[in-house]
Amino acid sequence: MSLTHLLSSVTDRLRAAGCVFAEDEARLLIHAADTPEGLESLVGQRVAGRPLEPLLGWAEFSGLRVQVSPGVFVPRRRTEFLVRQAAALASPGAVVVDLCCGSGAVGLALLATTAAADLHAVDIEASAVACARRNLAERGQVHQGDLYHALPVTLQGRVDLLVVNAPYVPTEAIALMPPEARLYEPRVALDGGTDGLDVQRRVAAGAPQWLAPGGCLLVETGRAQAAGTVMLVVRAGMTADVTGSDEFDATVVIGRLNR
């Protein structure tokens with residue numbers, strides 16, 4: 001079968017399965033496959049609803065190719081807005097902590113765009129930690145554990161930027177998410193509790209202990225949760241601002257520790 005006919009055949013199968021960008025995905029899957037049998041396996045899994053990025057082994061994020069493993073949260077384009085906000089605040093030599101790091105995409109993008117000198121990334125999932133370590137290599141330290149409990153105590157009071165994409169989907173809303181997310185991504189990376197703020201409560205409450213004077217906490221959140229996120233940040237003793245982007249369909253709350 002010629003490449004043209006192969007592309008057409010795969011595109012038709014993906015389009016019939018509901019893939020919006022069927023032709024683009026077909027090209028990527030064909031390029032990723034080593035053998036006809038491998039291609040058939042990849043296309044079959046994609047038609048069955050598996051996310052594209054883990055099948056390819058990578059996701060595009062902030063102009064970078066980030067490794068993504070099956071069962072690891074796939075970085076969303078909206079989170080590029082979080083990276084931009086953090087990069088605008090990063091000073092040379094900044095100490096940066098990426099909580100709920102998943103694949104390590106946020107930290108990797110920050111290293112590519114700033115002169116941050118010391119990056120620490122944290123996730124509770126072993127598969128995410130392994131993936132983040134592959135992405136960050138020797139450029140940052142990746143710790144496994146529950147939020148701040150995973151960090152070296154020597155970082156207390158020294159963190160300039162605390163960047164967080166914690167789960168913020170309300171539990172009942174997970175059933176409404178696309179199957180790619182709710183069936184194939186770890187629940188712990190999606191479920192924010194009844195109001196979507198369970199993890200953010202703990203993040204905000206602990207932030208002042210870890211931030212340096214004048215340090216910033218940046219939290220990606222949902223539009224519906226933004227007011228609640230602001231309240232959590234203010235209750236923790238920080239000032240709070242909300243910024244958003246229609247382009248990225250993203251909302252970020254920025255807390256500043258003024259002491």
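Reply: Start with one pair of residues. Thr 239 has Arg 256 as its bridge partner in strand S9. Thr 239 belongs to strand S8 (239–245), and S9 covers residues 250–256. S8 and S9 pair in the antiparallel sense, over seven bridges. Two strands count as paired if DSSP finds at least two bridges between them. Helices (H or I, at least four residues) and strands (E, at least two) are DSSP runs, numbered from the N terminus.

A word on the source. This is a predicted model, in which local features need pLDDT of at least 70 and side-chain atom pairs count only at pLDDT 80 or more, while totals for chains, interfaces and linings use all residues. Residues are numbered from 1 along each chain as its sequence is written, and side-chain values use heavy atoms, with hydrogens and water left out.

Now the turn. The hairpin of S8 and S9 has four residues between the strands. Asp 249 sits in that loop. Its phi is positive, about 50°, although Asp 249 is not a glycine. Most residues other than glycine have a negative phi. Asp 249 is partly exposed, with a relative accessible area of 43%. Here buried means under 20% relative accessible area, exposed over 50%, and partly exposed in between (1.4 Å probe, protein chains only).

S9 itself is another matter. Six of its seven residues are buried, so S9 is largely enclosed by the rest of the structure. S9 also pairs with strand S7, antiparallel, through six bridges.

Step back to the whole sheet. It is open, has seven strands, and its order is S5-S4-S3-S6-S7-S9-S8, with mixed pairing. S8 stands at one edge and S5 (141–144) at the other; each has a single partner strand, so one side of each is left without a neighbour in the sheet. On average, neighbouring strands are turned by 20° against each other, direction ignored. In a regular strand the side chains alternate between the two faces of the sheet.

Further along, the pairing is parallel. Strand S3 (residues 95–99) and strand S6 (residues 159–164) run that way, joined by four bridges. Val 96 finds its bridge partner in Leu 161 of S6.

Next come the helices on the sheet. Helix H10 (residues 226–235) packs there and touches S7, S8 and S9. Contact means heavy atoms within 4.5 Å. The direction of H10 makes about 10° with that of S9. Axes are lines fitted to C-alpha atoms, for helices over the stretch in contact, and angles run from 0 to 180 degrees between N-to-C directions. Helix H7 (residues 126–136) lies across S4 and S5, and runs at about 175° to S5.

Cys 101 is in the loop between S3 and helix H6 (105–113). Cys 101 is buried, with a relative accessible area of 7%. Leaving aside neighbours within four places in sequence, Cys 101 is in contact with Ala 121, Val 122, Asp 123 and Ala 132. Its C-alpha atom lies 9.7 Å from that of Ala 189, 88 residues apart along the chain.

Ser 62, in the loop between strand S1 (58–61) and strand S2 (64–67), has a positive phi near 50°. Ser 62 is partly exposed, with a relative accessible area of 28%.
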